[in-house]
Amino acid sequence: MLDRWTEKDNSLYRKFEFKDFSEAFAFMTRVALIAEKMDHHPRWTNVYNTVEVWLSTHDAGNVVTERDKKLAQKIDSLF
């Protein structure tokens with residue numbers, strides 16, 4: 001499942017595209033709820049129908065850890 005994510009510069013990265021801004025924002029809201037429960041928050045941007053997400057673990061020195069992979073899988077399940 002993580003084959004859609006790219007590991008670069010100590011982060012997992014993925015770009016998501018939606019029909020419109022409302023769908024993109026709804027996706028971000030669902031991700032935010034999961035991230036808050038996991039106490040693991042993404043770096044992301046949103047421009048209209050596009051959401052870009054970068055995941056790394058700050059407590060581990062800003063590198064990719066198992067926490068990032070688990071959050072990536074949960075994000076994928078929402079898409």
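Trainee: In the loop between which two elements is the place of Asp20?

Mentor: The model is a predicted one. In this model Asp20 belongs to a loop, and the elements on either side of that loop are β2 and α1.

Trainee: Is Asp20 buried, partly exposed or exposed?

Mentor: Buried means under 20% relative accessible area, and exposed means over 50%. The relative accessible area of Asp20 is 22%, so Asp20 is partly exposed.

Trainee: Which residues does Asp20 touch, and how far in space is Asp20 from Thr50?

Mentor: Leaving aside residues up to four places away in sequence, Asp20 touches Tyr48 and Asn49. Asp20 and Thr50 are 30 residues apart in sequence. From C-alpha to C-alpha, their separation in space is 8.3 Å.

Trainee: Which residue in the turn of the β3 and β4 hairpin has a positive phi?

Mentor: Strands β3 and β4 run antiparallel and are joined by five bridges. Within this pair, Asn46 stands opposite Val51 in β4. The hairpin has two residues between its strands, and the residue with a positive phi, of about 50°, is Tyr48.

Trainee: In what order do the four strands form the open sheet?

Mentor: Strands of a sheet pair through backbone hydrogen bonds, either parallel or antiparallel. Here the pairing is antiparallel. The edge strands, each pairing on one side only, are β1 (6–8) and β3 (43–47). The order across the sheet is β1-β2-β4-β3.

Trainee: Which residue in β2 does Thr6 stand opposite?

Mentor: Strand β1 pairs with β2, residues 11–17, in the antiparallel sense over three bridges. The residue in β2 that stands opposite Thr6 is Tyr13.

Trainee: How do the axes of α1 and α2 cross, and what is the handedness of the crossing?

Mentor: The two axes come within 10 Å and cross at roughly 150°. On the α1 side, the contact includes Phe27, Arg30 and Val31, and on the α2 side it includes Arg67, Lys70 and Leu71. By class, this contact has eight nonpolar, no polar and four charged residues. The crossing of α1 past α2 is right-handed.

Trainee: Which residues does Phe27 touch, not counting residues up to four places away in sequence?

Mentor: Phe27 is in α1 and takes part in the contact of that helix with α2. With residues up to four places away in sequence left out, Phe27 touches Phe16, Phe18, Val51, Ile75, Leu78 and Phe79.

Trainee: Is Ser56 buried or exposed?

Mentor: Ser56 lies in the loop between β4 and α2. Beyond four places in sequence, the residues that Ser56 touches include His40, Asn62 and Asp68. The relative accessible area of Ser56 is 12%, so Ser56 is buried.

Methods: Residues numbered from 1 in each chain as written. Predicted model: local features only at pLDDT ≥ 70, side-chain atom pairs only at ≥ 80, totals over all residues. Heavy atoms only, no water. Pairing = 2+ DSSP bridges. Contact = heavy atoms within 4.5 Å. Axes fitted to C-alpha atoms, helices over the stretch in contact; angles between N-to-C directions. Left-handed = near helix turned anticlockwise from the far one by under 90°. Nonpolar A, V, L, I, M, F, W, Y, C, P; charged D, E, K, R; others polar. Buried < 20%, exposed > 50% of the residue type's maximum accessible area, 1.4 Å probe, protein only.
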